[in-house]
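This briefing goes through a single protein chain by topic, from its overall make-up to individual residues. Please keep the sequence and the coordinates at hand while reading.

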Amino acid sequence: MTVLEVIRAFAHSSAVGVVVTDAKSERPGPTILYANEAFSQLVGRPIAEVVGISPRFMQGRETRRPALDQFAHALAAGERFHGYLTNYRADGAKYVAEIDCRPLKNVEGRVEYFLAFEREVVRRRGRPWGGIASRFEPVAVSSDSLTPDLKLLGAFERGDCVSL
């Protein structure tokens with residue numbers, strides 16, 4: 001069983017968007033190799049339309065260059081990125097996505113893929129209670145069976161890369 005097959009089986013019915021790309025960080029890459037149905041719903045495009053293209057299709061006028069540069073720098077360095085980007089759905093509606101993207105390294109330590117968990121968030125109203133992530137909260141909270149597994153991986157928390 002390949003890594004992509006394991007991820008596909010693991011993330012297929014997750015309520016969190018899951019995307020796997022190749023490790024090419026220079027334009028036009030990276031290229032989406034796998035996306036689950038939650039990602040398809042998040043971006044408003046069928047899975048068949050997003051597989052084979054770059055995740056850059058979600059960027060638009062209000063997608064901040066500094067955040068994109070930080071994301072690109074982390075990918076180029078083979079490091080994890082956790083942050084927020086303003087993205088756009090197929091119908092042009094913008095949304096804020098929390099993205100936790102991790103490099104998947106082979107036994108030699110070379111990055112083979114990037115695995116990203118994505119969910120829509122909204123700004124918290126009132127006074128934040130601490131930490132960067134506290135400025136946002138998920139639009140929907142899932143109680144699906146993948147949630148404990150994502151917690152074990154530390155998805156949407158600070159941590160290191162995942163090794164194959």
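Among contacts in the chain between residues at least 6 apart in sequence, what percentage join residues at least 24 apart? The share is 48%, and it is taken, like every value below, from a predicted model. The chain holds five helices and seven strands, which follow one another along the sequence in the pattern α-β-β-α-α-α-β-β-β-β-α-β. Of its 164 residues, 40% are buried.

**Confidence**

- The chain has an average pLDDT of 80, and 74% of the residues reach a score of at least 70.
- Confidence is highest in helix α3 (residues 47-50), at 95, whereas the lowest mean, 44, belongs to strand β7 (residues 162-163).
- Over residues 158-164 the pLDDT stays under 50, and for this stretch the model has 19 contacts beyond four places in sequence.
- Where pLDDT is low, the predicted coordinates should not be read in detail.

- The buried residues in α4 are A67, L68, F71, A74 and L75; because they cover an arc of only 125 degrees around the axis, they lie on the same side of α4.
- On the face of α4 that is turned away from this buried side, the exposed residues are P66, Q70, H73 and A76.
- Just after α4, G78 adopts a positive phi of about 70 degrees.
- In α1, residues L4, I7 and A11 are buried, and because their arc around the axis is only 65 degrees, they too are placed on the same side of α1.

**Nonpolar cores**

- The largest nonpolar core has 22 residues, of which F39, I99 and C101 touch the most other members.
- Two or more residues of this core come from each of β2 (32-35), α2 (37-43), α4, β3 (81-88), β4 (94-105) and β5 (111-123), and the largest share, five residues, is given by α4.
- Apart from this core lies another one, of ten residues, which includes V16, V18, V20 and Y34.
- Leaving aside residues up to four places away in sequence, I99 touches F71, F81, H82, G83, L85, N87, A116, F117 and E118.

**The aromatic pair**

- How many aromatic pairs does a search of the whole structure find? The search finds one, formed by F71 and F81, whose rings are stacked with 4.2 Å from centre to centre and 10 degrees between the planes.
- The pair links distant parts of the chain, with F71 in helix α4 and F81 in strand β3, ten residues apart.
- Both partners fall under the 20% limit for a buried residue: F71 has a relative accessible area of 15% and is therefore buried, and F81, at 4% relative accessibility, counts as buried as well.

**Individual positions**

- Residue A35, in strand β2, counts as buried because its relative accessibility is 4%.
- Apart from residues up to four places away in sequence, A35 touches V18, V19, I47, V50 and V51; the C-alpha atoms of A35 and V51 are 6.8 Å apart in space, although 16 residues separate the two in sequence.
- Residue V16 is found in the loop between α1 (3-11) and β1 (17-22), and with a relative accessibility of 12% V16 counts as buried.
- From C-alpha to C-alpha, V16 and R119 are 5.9 Å apart, while in sequence they are 103 residues apart.
- Is K24, with a relative accessible area of 51%, buried or exposed? K24 is exposed, because 51% lies over the 50% limit, and its place is in the loop between β1 and β2.
- The C-alpha atoms of K24 and F114 are separated by 9.3 Å, the two residues being 90 residues apart along the chain.
- Not counting residues up to four places away in sequence, K24 touches G29 and P30.

Note on methods
Residues are numbered from 1 along each chain as its sequence is written. This is a predicted model: local features need pLDDT of at least 70, side-chain atom pairs count only at pLDDT 80 or more; totals for chains, interfaces and linings use all residues. Side-chain values use heavy atoms; hydrogens and water are left out. Buried means under 20% relative accessible area, exposed over 50%, partly exposed in between (1.4 Å probe, protein chains only). Helices (H or I, at least four residues) and strands (E, at least two) are DSSP runs, numbered from the N terminus. The arc is that of the directions from the helix axis to the C-beta atoms. pLDDT is the predictor's confidence in each residue, from 0 to 100. Contact means heavy atoms within 4.5 Å. A nonpolar core is a set of buried Ala, Val, Leu, Ile, Met, Phe, Trp, Tyr and Cys residues joined through side-chain atoms within 4.5 Å. Rings of Phe, Tyr and Trp (its six-membered ring) pair if their centres lie within 6.5 Å; planes under 30 degrees apart count as stacked, over 60 as edge-to-face and the rest as tilted.
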